Amino acid sequence: MKITVVVRENPTQLPAPSEMVVPVQIFDTFQRASGVASIGRQALDRISRLGVNVSNIAMDFLTIALAVTAADTFVKRDDAEDGWAREIALDLNLNNPQLWQSKIHQLQEALSFLSGDIWSFSFSANGTKPPTPRKNDGRTKMLDANTLDSVCLFSGGLDSIIGAIDLIHNKRRPMLVSHSYKGDQAKQKNLAAKIGWDAQHCFAVNAAPRSVQGDTDVSMRTRSLNFLAFAVLAADAVRIINQKSGHIDLFVPENG
């Protein structure tokens with residue numbers, strides 16, 4: 001049984017929920033609709049605090065990653081015909097659907113490996129634009145990518161702490177990127193401070209999937225795609241702020 005997950009910014013563009021269709025409101029550009037699942041409601045604010053216009057490509061990657069997490073969370077695995085492999089169709093808007101249309105095969109392969117499910121995609125235009133950068137007015141907590149040269153995933157586990165310590169010891173200056181799940185963010189900030197990195201050099205986002213009924217699949221096997229999407233946004237900001245024409249190194253000291 002194929003479940004279609006339709007993801008839109010504007011809740012008025014979503015279909016009615018049914019046994020075969022799961023509507024999801026993404027980001028917070030519109031008031032949250034009652035009776036509709038949502039995801040990514042804090043993401044645009046966090047991105048705006050990077051202080052630069054990130055690229056449409058990076059924004060599209062985040063949109064895809066959040067949509068995947070929504071589907072992975074709201075489509076219950078118990079309802080799969082074999083009790084495991086779900087068949088999920090994702091319908092979402094992107095800034096550059098033609099580019100991502102050419103990457104569907106790679107997305108399907110990667111997600112099949114991560115979640116064990118069967119995935120298909122439908123991309124259309126009018127995707128979410130990158131948020132307007134906030135200005136440093138002295139009151140807003142901004143992120144500071146000046147002088148940074150790389151990005152490092154930072155879950156707060158032993159593996160990521162060792163990775164960050166090694167980078168700093170070797171004179172690298174990474175922006176630390178985290179999932180800010182409830183209960184994790186304070187620990188991540190504390191650990192980052194202990195190794196000499198303050199909150200201005202840490203980019204943390206909570207995907208914050210919210211179901212209508214509160215009954216969700218909790219495995220979140222695809223969350224590593226979100227992790228990488230957050231890191232791509234951070235790397236884009238580091239590249240722009242430091243006027244780098246080449247690539248930005250992304251380090252993944254994670255055992256997942």
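Which residue in S5 is the bridge partner of Asp91? It's Ser122. Before going on, note that this is a predicted model, with local features needing pLDDT of at least 70, side-chain atom pairs counting only at pLDDT 80 or more, and totals for chains, interfaces and linings using all residues. Residues are numbered from 1 along each chain as its sequence is written, and side-chain values use heavy atoms, with hydrogens and water left out.

Back to the strands (DSSP E runs of at least two residues; helices are H or I runs of at least four, both numbered from the N terminus). S4 (residues 87-93) and S5 run parallel and are joined by seven bridges; strands pair if DSSP finds at least two bridges between them. In a regular strand the side chains alternate between the two faces of the sheet. Buried means under 20% relative accessible area, with a 1.4 Å probe and protein chains only.

Now for helix H4 (residues 104-115). Its buried residues are Ile104, Leu107, Leu111 and Ser115. They sit on the same side of H4 because they cover an arc of only 60° around the axis, taken from the directions from the helix axis to the C-beta atoms. Their cover includes H2 (56-74), H3 (97-101), S5 and H7. Just after H4, Gly116 takes a positive phi of about 80°.

Finally, look at Thr222, in the loop between S8 (202-205) and H7 (223-241). Thr222 counts as buried because its relative accessibility is 1%. Beyond neighbours within four places in sequence, its contacts (heavy atoms within 4.5 Å) include Leu111, Ser115 and Trp119.

How values were computed
Buried < 20%, exposed > 50% of the residue type's maximum accessible area, 1.4 Å probe, protein only.
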